[in-house]
Amino acid sequence: MINKKLISVLLCGALLVCTFSACSAVPSGNTEETGTTTIEVVTNTDGSAVTTPDGSAVTEIVTEAASEASTDVTSVTGETTTAPSTSASSVKLESTSAPNKQTGNNKKKNKKKKNNTTTTTTEPEITYIDIVLQKNRKAKCSSPNVMLSTGEVLIEKPGDYRITSTTDDWHGKIIVKLKNSEKAELRFENVKITNNSRSIIELIDKSITTSRSFLETESETASDEIKDISDNDLAPNVQLSFPEGTKSYFQTSANSVTGVLYNESKLTIKGHGSATFASIKAANNCICSTKSIKIRNLSLNLTTAQNENTSTMASATGSARGIFSYSKVTLESGSLYAKTNGDALRCDEFIAESGSASLTSSACDAIDADDAIVINGGTITCTALEKACFKVRRINNTEIGAPKGCVRTAADTFAINGGTVRGEGKRITTVQGSASKQPSITCKIVKPSRGTEAAALESKVPAIIEIKGVKKSSNKCTKFLYSSSGITKNKEYEATANGKKAKTAWKGSAAVIDIESTNNR
């Protein structure tokens, strides 16, 4: 085994050039101590030093900084080089290997250590343009980037804006109009904004000159006009930020599909704080978006009318959605909570990477996606006792009349690749086992067979469904989906409902259990 001789010295300002004829190192000067250096001399198995062709010893210098320090490396020629001091990154120290004819195990044993010197990372401070919401629907801002009128804040320039309030409840709206090449951040710190006529936050792509009359007056063609805007590929980049420790609240009583938040940007909703978007009219969405939405770190809460009493879930009606997006919705981290009478989430694609989502609809679907639902991680719980807990239209093809189960493109999928997933409802899109990396089990209550009639017809009688030794549903339902890392592919599981039992039938990574109902409904 190769031996190493370690010699420690104190760094004093600049690193000293050290020689090893006597295998010692002596610090020079009396400058302020900035850290400790450990010097390693690599030796062969016979104890002799590994040297370069010119006779210099092969050494390695490892710097452990006491505060900010330079990074010093002694090369195979014995020269010392100094890297610039840094306070914003982690510097990796490596010694250059000397030419050596060793092979096999000896070469592996002589592999030198790599060490890191880490200094404090300081992010650059953002200079925000301050907007202060005041009493009597007034606002204050000294920047020419912002235009103010009673009950309205209009931003038409890119930049970073901080919005605070000196009143408990500000009544009005905030409008951001940007070109599709521009970006902005709106940082909300403990604000409450209400509006009884229109959306509260409007993020507009002013590169599109289409009339937005639907934002001001009720329009029967609003959905079609919004869809036309969504066909544009480019869009501004906007971030809505909610800092740690803050709680902001936005509520509208307007009966409009444009939602509490209307968005035409590539939107990121982020921060470690909390944001609530609430609608108290049956036909109003919480968020209406023509472009993609990313949710990162924060706690995002979406509620619509008739959603507070879970005991009346089955009888509540309405069409107000939590998120209605013509593009992708991605849960990167944080938590998403939606309790609605319409779809909790209606979008083109839903992707979950991490975090948690609790999505409940009293009268419609929990997740209704045109093309795909892909869950890579996180804790995702969907409840829709009247309709589907998970629904992918391009797989069900309920809208275009193709046979059920037909997939139009390779991107059309419902796949579970990680996390903990559970769904309870009357319907559910079949998980595509071949597309999923993590096993899942779907339990269905079906009608009893009559003669030659197959028992695969859906039952209308809900029940508590239990997968023995795994999980049981929280509500009475006719479909129950569960997936986690604890599910073992091809293992036989048993499920029960109303005293009836059935066992798993596997297809790829997806298992189905058909449990016979106690009646023919």
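Student: Which residue stands opposite Ile-467 in S38?
Tutor: That is Lys-471. Before we go on: this is a predicted model, where local features need pLDDT of at least 70 and side-chain atom pairs count only at pLDDT 80 or more, while totals for chains, interfaces and linings use all residues. Residues are numbered from 1 along each chain as its sequence is written, and side-chain values use heavy atoms, with hydrogens and water left out.

Student: What do labels like S and H stand for?
Tutor: They are DSSP runs, numbered from the N terminus: S is for strands (E, at least two residues) and H for helices (H or I, at least four residues).

Student: And how many bridges join S37 to S38?
Tutor: Two bridges join them, and strand S37, residues 466–467, runs antiparallel to S38. Two strands pair if DSSP finds at least two bridges between them.

Student: What sheet do they belong to, and in which order do its strands come?
Tutor: It is an open sheet of four strands in the order S38-S37-S40-S41, with antiparallel pairing. S38 (471–472) and S41 (500–503) stand at the edges with a single partner strand each, so one side of each has no neighbour in the sheet.

Student: How many bridges do S40 and S41 have?
Tutor: Four, in the antiparallel sense, with S40 covering residues 494–497. One of the facing pairs is Ala-497 with Lys-500 in S41.

Student: What's in the turn of that hairpin?
Tutor: There are two residues between the strands, and Asn-498 takes a positive phi near 55° in this hairpin. Asn-498 is partly exposed, with a relative accessible area of 47%. The cut-offs are: buried under 20% relative accessible area, exposed over 50%, and partly exposed in between, with a 1.4 Å probe and protein chains only.

Student: Where is Asn-136, and is it buried or exposed?
Tutor: Asn-136 lies in the loop between strand S8 (129–133) and strand S9 (139–140). Asn-136 is exposed, at 64% relative accessible area. Its phi is also positive, near 60°, in a residue other than glycine.

Student: What does Asp-368 meet in a salt bridge?
Tutor: The partner of Asp-368 is Arg-346, at 3.6 Å, N to O. Asp-368 is in strand S31 (residues 367–375) and Arg-346 in strand S29 (residues 345–352), 22 residues apart. Asp-368 is buried at 0% relative accessible area, and Arg-346 is buried at 11%.

Student: And what about Arg-394 and Asp-371?
Tutor: Their side chains meet in a salt bridge too, at 3.3 Å, N to O. Arg-394 lies in helix H3 (residues 393–396) and Asp-371 in S31, so the pair ties together parts 23 residues apart in sequence. Arg-394 counts as buried at 19% relative accessibility, and Asp-371 is buried at 16%.

Student: Last one: where is Lys-206 found?
Tutor: Lys-206 is in the loop between strand S17 (201–205) and helix H2 (222–230). With a relative accessible area of 31%, Lys-206 is partly exposed.

Conventions
A salt bridge is a side-chain nitrogen of Lys or Arg within 4 Å of a carboxyl oxygen of Asp or Glu.
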